Amino acid sequence: MTDIRKNLTILIFVLSGVLASLLVLNFKKIEKDQKAQILDLKQNPTVNFPIKLSNGIVDSFAFKSGSDRILFYEKLNSIIHESSPDGKGKKELVRIPNVLMTIFSPTGRELVAATLEKGILKNFYFDLENNKRAELPKNMVSPAFSPDGTEIAYFAYDDKISEGHILTSEPDGSNPKVIFKTRIKKLKLSWPEKNLIVLYSKKEDGGLTSAFSITAMGKELQRISQEIATLYHGDNPEEINITQELGIKTKDIKLSPLKDYLIFINAKDRKLYSLKI
């Protein structure tokens, strides 16, 4: 009987040590791999930690048409990646070196990228499914895909005549049409609806000021409110509130097609994360 008690005591002592070690290792792993912020688990007992999807800086991302898979360009290795929201099945699609900016189409099959090659700024269109590319106008600024992905709108300023043009074309740059002229030198565009293009005037520091809308034909110029402009710019207050409640500041945030994950770029390290909701 004494031996049994002695053995039980030893077993309990050993198991307690193993459990303590596992807890320490688990906390170290969270701190090292996820760099998760300290959350009050008493107030948020069921909180999920963000999952890091990229190892390097990400400027934009999109969802592949008909699925919840995410497409993003990672500057660390100059590669377009595809991943599921839980981080599993991550794979490399294509390598595009020296990219400054990427804009994905709504379908995720195409993208427009600005590159810097030997000090020369160039813009390219890429067809990811058919592995094709086409060079776009060098003075193209702020390209935006139409909601169905069949066209792009962009801004181009001509210093020779001191005039800015808003143009539409096919994604590869063919069939360009000037739809609107302005004296403003810096504009940012978005194309949130089929017959609505939004123009954001930009400050010298890159910040946005007033916003206007025109039709896809360049007609009916109208000033729009800051609240509507923010929604058209892709910032959903409800999605932002969820991350803000967790103390996370985001640069860009979107709800996954299955509405079970928030995908966002962390403003602090500019890496891509997902959060199960």
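This is a predicted model: local features need pLDDT of at least 70, side-chain atom pairs count only at pLDDT 80 or more; totals for chains, interfaces and linings use all residues.

A search through the whole structure turns up 7 salt bridges. Let's begin with D59 and K75, which form one of them, with their closest N and O atoms 2.8 Å apart. Find D59 in the loop between strand 1 (51–52) and strand 2 (61–63), then look for K75 in the loop between strand 3 (70–74) and strand 4 (79–83); because the two sit in these separate loops, the pair ties together parts that are 16 residues apart in sequence. K75 counts as partly exposed, at 31% relative accessibility. There's another partner to look for here too: D59, K75 and R270 are linked in a network of salt bridges.

Next, move along to E82 and K64. These two form a salt bridge as well, and their closest N and O atoms are 3.4 Å apart. Once again, distant parts of the chain get linked: E82 belongs to strand 4, K64 to the loop between strand 2 and strand 3, and 18 residues separate them. So is E82 buried or exposed? E82 is buried, with a relative accessible area of 4%. K64, on the other hand, is partly exposed, at 32% relative accessibility.

The last stop is K122 and E117, a salt bridge whose closest N and O atoms are 4.0 Å apart. What about their surroundings? K122 counts as partly exposed, with 21% relative accessibility. E117 is partly exposed too, having a relative accessible area of 27%.

Definitions and conventions:
Residues are numbered from 1 along each chain as its sequence is written. Side-chain values use heavy atoms; hydrogens and water are left out. A salt bridge is a side-chain nitrogen of Lys or Arg within 4 Å of a carboxyl oxygen of Asp or Glu. Helices (H or I, at least four residues) and strands (E, at least two) are DSSP runs, numbered from the N terminus. Buried means under 20% relative accessible area, exposed over 50%, partly exposed in between (1.4 Å probe, protein chains only).
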